[in-house]
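Biologist: Can you walk me through this one? I'd like to know what stands behind each label you use.

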Amino acid sequence: MTETLSKTGMTRRELLARSVAVGATFVVGADFVAGNGAAWAMETTAVKPESMATLIQMARDIYPHDHLADHFYATAVKGYDTADSSQEIEDGIAALDAAARGKGHADYLSIGWERDRVEVLRGMEESAFFQKIRGGLVTGLYNQKEVWPLFGYEGESYSQGGYVSRGFDDINWL
Amino acid sequence: MVAKFDLNDDSVVVIVGTGAGGGVLANELAQKGVKVVALEAGGRHLPEDYLNDEWDAFGQLSWLDARTTSGDWRVAKDFSGLPAWIVKAVGGTTIHWAGASLRFQPHEWKALTNYGRVDGANLLDWPIDADEMAPWYDQAEEKLGVTRTGNRPGLPGNNNYKVFEKGALALGYKEVHTGRMAIQTRDDGDRTPCQQTGFCFQGCKWGAKWSAAYTEIPAGEATGNLEVRDRSHVIKIEHDDSGKVTGVVYADKDGNQHLQKARLVAVAGNTIESPRLLLNSASNMFPDGLANSSGQVGRNYMRHVTGSVYAVFDKPVRMWRGTTMAGIVQDEARHDPSRGFVGGYELETLSLGLPFMAAFLDPGGWGRSFTSALDQYENMAGMWIVGEDMPQETNRITLNSEVKDQYGLPAPNVHFSDHPNDVAMRDHAYKQGIEMYKAVGATRAFPTPPYPSTHNLGTNRMSENARDGVVNKWGQTHDIPNLFISDGSQFTTGAAENPTLTIVALAIRQADHIAKELSAGNI
Ligand SMILES: Cc1cc2nc3c(=O)[nH]c(=O)nc-3n(C[C@H](O)[C@H](O)[C@H](O)COP(=O)(O)OP(=O)(O)OC[C@H]3O[C@@H](n4cnc5c(N)ncnc54)[C@H](O)[C@@H]3O)c2cc1C
Ligand code: SF4
C-alpha cells in the first residue's frame, strides 16, 4: 500500500476515484494498474493501463479461481506488455469492448456479473485473440510456482527425499 | 576405454537412436564383441540433470523438432505441432517413461487369427509368438529388474493406488495390483530403491527406474566396443549399386555433416522418425524410400487406445505422491467381443502435477466447469487407459514438403483417426473407470481425452510376407539384408500392454541374431 502510494503520489481516496474498474483491478495512473486495496501494482510500458486492467479481468474470467489473488493473473499476462504484442492486445481488447457494447454494456470491465462477461467471451471463443490469451494462461497461470501451494500441489520433492517417509500412502479415509 | 571409431571404418554396426530399442541393441552387441557406433540426436543427461518440474523437464528433454498433424484425433486440434511426447537424449524416451513392463498375452501375437477380419483395419499376425518370445522376455525382465517377476516383490501402493484398488475390488475386478514395474524396490541391486518421489515422467533422479541412459549406455561403453556420438542427427542412409546400405550421413552439434560408413545399419529413432528416415533416404534405385517395396513404410501408425479418468473426492488423495504408474487392473485386457470391440485394455494409475493437469485435463477447456475441477486438485485420483488400437493403412507418417526441420528436410506429418473399434473400447473403459471411482465415493469424474502419443508403434511393421510389411521376424528389412529396424515401429499390432518390455525383448533377440549372422558371414 505505502509503496504504491509513494510511487503514484496519490491518496487512497484519489486512487479509488480515478479507478475505472468495478472488478478487483484499478487503473491508477498513466502507466499503472493496481489491485483492489493496492496490495499489488504493475507498471505498463507498451499496453494502455486500461487495456491491461481489462486483460487481467479477462484472464480471471477464463480461469476463475476465487482463492487466487489478482496479482497471479497480472503476472500471467504481463508478458504481453511489450512493443511486439501491444497492438494485438489493444486490438483484441477493443474487440472485446465492442462485443460487450453489442450486448448493451458500456465496456467489458463495467459488466458486473461474471456470467455476463462469460457470455461475451463465449461469443469470441474461436477468435485468435481469445485462444492466444487462453493458451498463454495455461502455463502463464498454472506454472507459477507460487500458485501451486494454493491448490495443495507440493512441487519438487527430490531435495526432501521424496515421499517415501513423507506420506506417499497416508490416505486415511478409505 | 570408451571406443572411438573412424568415419571410414566400414566394419562397424551403426545404430540410429539410443532409446529402448537402440540403447539395448547397442549394449547387447557391444557385450558380444561387435563394434558399434550409436548416433543419437539428443545430448547426454543423467539423473543429476533431471528436473522435478513438469514443464522444465519437458523443455529440457523432449523432441521438439518441427512436426505436423492431421486426421480427426483431438491431438491434431489441441496440440497440432506436438503429435507425440518423445525424448531426444541419450537413452531416448526411457528417461521419461513410467516403467510399466508387461508381456503381450499369447493371443495378441496373432490378432488377425484371433479377432478375425475387422473392416477398415489392416490386422495381421506377427510372424513370432509367445513361445518364441518367452526366453527373451525373461531376459528383458531381468535386465529391467521388473517387479513381480523373478523373485522381485511389488512396489508398495501409494495414495492414488489405494483409491484405485478399492474401486476396482468394489467392481469385482480380480487382477489388481501395483503393477510390473521396471523400478528398483529393494536395496539389493545396482539401482537405488524407489523413494516415491513422484516425478517418474520427468526422469528418475534416484536412478531407481530403469533407463537406457544410465544402464545400457555406460555398460556398453565399458566394453570398449561401443562409441555413442551424442548430438548427432542422422539425416540419410546411403546405399551402393547392389542395394546394400553402406553408411549414414549425420549432422553434428554444429550442423556439420559427416558420413559414417557401416557394415550394417539399425534404425531405432522411434515410430515417427524411423519411417521418416527411410522415406527421406529415397534414391534413384529406391524412389519410394528405403525398404519400401511393400508401400507399408510409415503406414499402420498406432498409438494405443488411450484416455484418462480423473475423479474428485470429498477428501484429499494427493495422487502426485509416489510412483506415477504403479497400479493396474488387468481384467479388461482379455479378448471378449461381447463388450462390443475386439482386443482389450489395461487400466493403470496415473497422476499429473498441477501444471500438466491444467494443460491436459480438458485441452481448450475454460470457465468454471474447468477451474472448479482444478480447485479440487488435492482431492483427485487418476488412471490411464491403454488398450489395443486397430492398425489402419491410412494412419501414417508422411513427409510434409511444406514444413522443413532445422536441416532443411521435410518434417513428418502424423495422420491419425480413430477406428470405430478404438472408440468403442475407449467408451467402455471410460465407463468402467468412472464406475470404479464412483464406488469409492467420487463426487465428479472426468473422461479425459488422449494426450500427445507416448506409445508410438507400427510404421515399419513385421510380417511373414514381404508384401505385407517392412521387416521380417528378426527386424531385418525384407528388401535390404543389412538394414534393420530395432524400435517400436516394428510392431505388427499393438496389443493392450505398454510396449517397452516388448521393444527391449525384441532388441535382445535381434542382437543375438545379428551377432550370429555377422560371425557366420551371412550379412
Ligand atoms: C511420459 C511417458 C511415459 C511412458 N511410460 C511408459 C511405460 O510405463 N511403459 C512402457 O512400456 N512405455 C512407456 N512409454 C513409452 C516408451 O518410452 C517408448 O515406448 C519407448 O521408449 C520407445 O522406444 P524406441 O526405441 O522406439 O524409441 P525412443 O526410446 O524414443 O528412442 C528413440 C531415440 O532415437 C533418437 N533419434 C530419433 N531420430 C534420430 C535421428 N534421425 N538421428 C539420431 N537419433 C535419432 C531420439 O532422440 C531418441 O533418443 C512412456 C513414454 C512417455 C513419453
Ligand atoms: S517415484 Fe520412484 S521411480 Fe518414480 S521417479 Fe520417484 S524414485 Fe524414481
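Modeller: By class, five nonpolar, seven polar and seven charged residues line the largest pocket. This is a predicted model, where local features need pLDDT of at least 70, side-chain atom pairs count only at pLDDT 80 or more, and totals for chains, interfaces and linings use all residues. Residues are numbered from 1 along each chain as its sequence is written, chains are lettered from A and ligands numbered from 1 in the order in which they are written, and side-chain values use heavy atoms, with hydrogens and water left out.

Biologist: What makes a residue nonpolar, polar or charged here?

Modeller: Ala, Val, Leu, Ile, Met, Phe, Trp, Tyr, Cys and Pro are nonpolar, Asp, Glu, Lys and Arg are charged, and the others, Gly among them, are polar.

Biologist: What separates a pocket from a cavity?

Modeller: Both are found on a 1 Å grid over the protein atoms alone: in a cavity a 1.4 Å probe fits but cannot get out, whereas a pocket is an open set with protein on both sides within 12 Å along at least five of seven lines, and lining residues have an atom within 4 Å of a point. The largest pocket has a volume of about 380 Å³, and a volume is the space filled by probe spheres set on the points, which are joined across faces, edges and corners.

Biologist: How many cavities of 30 Å³ or more does that give?

Modeller: Five. The second largest cavity has a volume of about 130 Å³, and among its 16 lining residues B:T197, B:G198, B:C200, B:C204 and B:W206 are the closest to its centre.

Biologist: Why do you say that ligand 2 sits in the second largest cavity?

Modeller: Sitting there takes more than half of a molecule's atoms within 2 Å of the cavity's grid points, and ligand 2 does sit in the second largest cavity. The shell around ligand 2 has six nonpolar, five polar and no charged residues.

Biologist: Why is A:K145 with B:D53 called a salt bridge?

Modeller: The term needs a side-chain nitrogen of Lys or Arg within 4 Å of a carboxyl oxygen of Asp or Glu. The A:K145 and B:D53 side chains meet at 3.0 Å, N to O, so the pair qualifies. Between chain A and chain B the count is five salt bridges.
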